[in-house]
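Dear colleague,

I am handing over a structure that I would like you to look through with care. Please keep it open beside this message while you read what was found in it.

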Amino acid sequence: MAKGPTPAHGPLTGVRVVELAGIGPGPFAAMLLADLGADVVRVDRPGGSTLGIDPAYDITNRNKRSVLLDLKSGEGPDRVLDLAERADILIEGYRPGVAERLGVGPDACLARNPRLVYGRMTGWGQDGPLAERAGHDIAYLALTGTLSMIGKPDEPPTVPANLVGDYAGGSLYLVVGVLAALQHARAHGEGQVVDAAIVDGAAHLASMIHGMLAAGSWQDRRGANLLDGGCPFYGTYATSDGGHMAVGPLEGRFYAEFVRLLGIADAFPDRWDLARWDELRAAVTARFLTRTRAEWTEVFDGTDACVAPVLTLTEAPHHPHLAARSTFVEHGGQTQPAPAPRFSATPGSVRRGPARPGADTDDVAADWGLPALRPTTHD
């Protein structure tokens with residue numbers, strides 16, 4: 001008899017994660033683990049830091065539960081160690097040495113649970129001359145050379161929100177790290193510390209570019225290369241109504257379709273004639289300015305010209321392709337990106353909205369077998 005399907009809670013169902021509350025890449029990494037089914041308990045502190053928005057809208061805290069603990073109190077660190085003893089993974093994003101001073105550093109936690117994966121999320125890393133300095137996404141990108149590649153050559157580098165540093169170079173590397181360490185812990189019974197530094201991740205993201213630089217096929221200056229806006233058939237162009245179209249037909253047959261539909265098929269027979277790239281860019285610019293974004297979208301719709309309209313955050317959920325895939329979902333009246341990636345046997349989902357600080361203390365105390373988590377006012 002065929003076995004029934006696995007419950008649809010995500011592939012990390014049964015994995016317990018403790019998140020010591022912070023902002024930025026740590027919460028996003030914990031959200032990703034929660035989206036994949038992990039039981040993530042966020043340890044919030046009284047009057048703790050937030051993004052400055054109503055916690056009800058902080059999507060990075062969805063699919064989690066929250067307990068309220070004061071780590072500077074007598075009992076706070078002990079309760080964290082109790083949680084760590086029952087957890088598979090712990091995530092913290094303090095400056096180096098802070099968790100140790102609070103009594104919840106790696107040594108203390110691993111003494112209670114030798115199989116624990118202790119994930120540390122910082123910008124500069126746990127060692128090095130800048131390890132104890134303050135910083136934010138933009139500074140980490142700046143020192144790795146990554147920021148220098150983004151933007152127009154005659155303008156200062158463009159700030160890519162906090163997506164490339166905090167989330168790509170930080171959160172995603174932390175998640176890969178703790179899951180790899182979890183695999184090791186389950187195979188060998190040995191926990192360990194994962195040092196996820198945004199500078200390391202952001203540098204690693206540029207591996208292909210460093211290879212091209214070494215091979216002489218990438219110039220170490222902004223806006224002069226195939227993938228950084230220097231190429232006239234890989235970039236964005238304004239339309240007559242103030243919108244923009246994204247263009248990227250790198251392959252020959254896709255480029256042929258692009259210039260045919262744009263109406264300049266015979267003007268530039270050799271697209272690799274770099275001496276005429278400025279002229280080609282001007283021609284493409286002029287053509288796109290003759291129609292609206294919607295009109296150009298219709299022209300390129302259903303083709304392999306690799307052209308797409310640049311949508312805003314509020315427009316994106318309504319695009320037919322994204323709507324068909326449910327790339328965005330609605331939960332609690334809030335439209336938000338759906339969990340990613342997707343799994344055929346253990347699909348993830350948005351199971352609950354953003355955790356409110358301390359709202360789940362009783363439930364976690366019961367589920368994790370930790371009655372001491374409950375406030376002393378409880379009998």
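The domain assignment of the chain, whose bounds come from an automatic or database domain assignment, gives domain 1 (16–205 + 349–368) and domain 2 (235–320). The centres of domain 1 and domain 2, taken over C-alpha atoms, are separated by 40 Å.

Please bear in mind that this is a predicted model, in which local features need pLDDT of at least 70 and side-chain atom pairs count only at pLDDT 80 or more, while totals for chains, interfaces and linings use all residues. Residues are numbered from 1 along each chain as its sequence is written, and side-chain values use heavy atoms, with hydrogens and water left out.

Helices here are DSSP runs (H or I, at least four residues), numbered from the N terminus. The axes (lines fitted to C-alpha atoms over the stretch in contact, with angles from 0 to 180 degrees between N-to-C directions) of helix 1 (residues 25–35) and helix 6 (residues 163–188) come within 9 Å and cross at roughly 50°. Helix 1 is therefore oblique to helix 6, where oblique is what remains once angles under 35 degrees (roughly parallel), over 145 (roughly antiparallel) and 65 to 115 (roughly perpendicular) are set aside. The contact (heavy atoms within 4.5 Å) involves P25, F28, A29, L32 and L33 of helix 1, and residues of helix 6 including Y167, L172 and V175.

In the other pair, the axes of helix 9 (residues 252–262) and helix 10 (residues 277–288) come within 11 Å and cross at roughly 50°, so helix 9 is oblique to helix 10. Y255, F258 and L262 of helix 9 make the contact with L280, V284, R287 and F288 of helix 10.

Notes: Helices (H or I, at least four residues) and strands (E, at least two) are DSSP runs, numbered from the N terminus.
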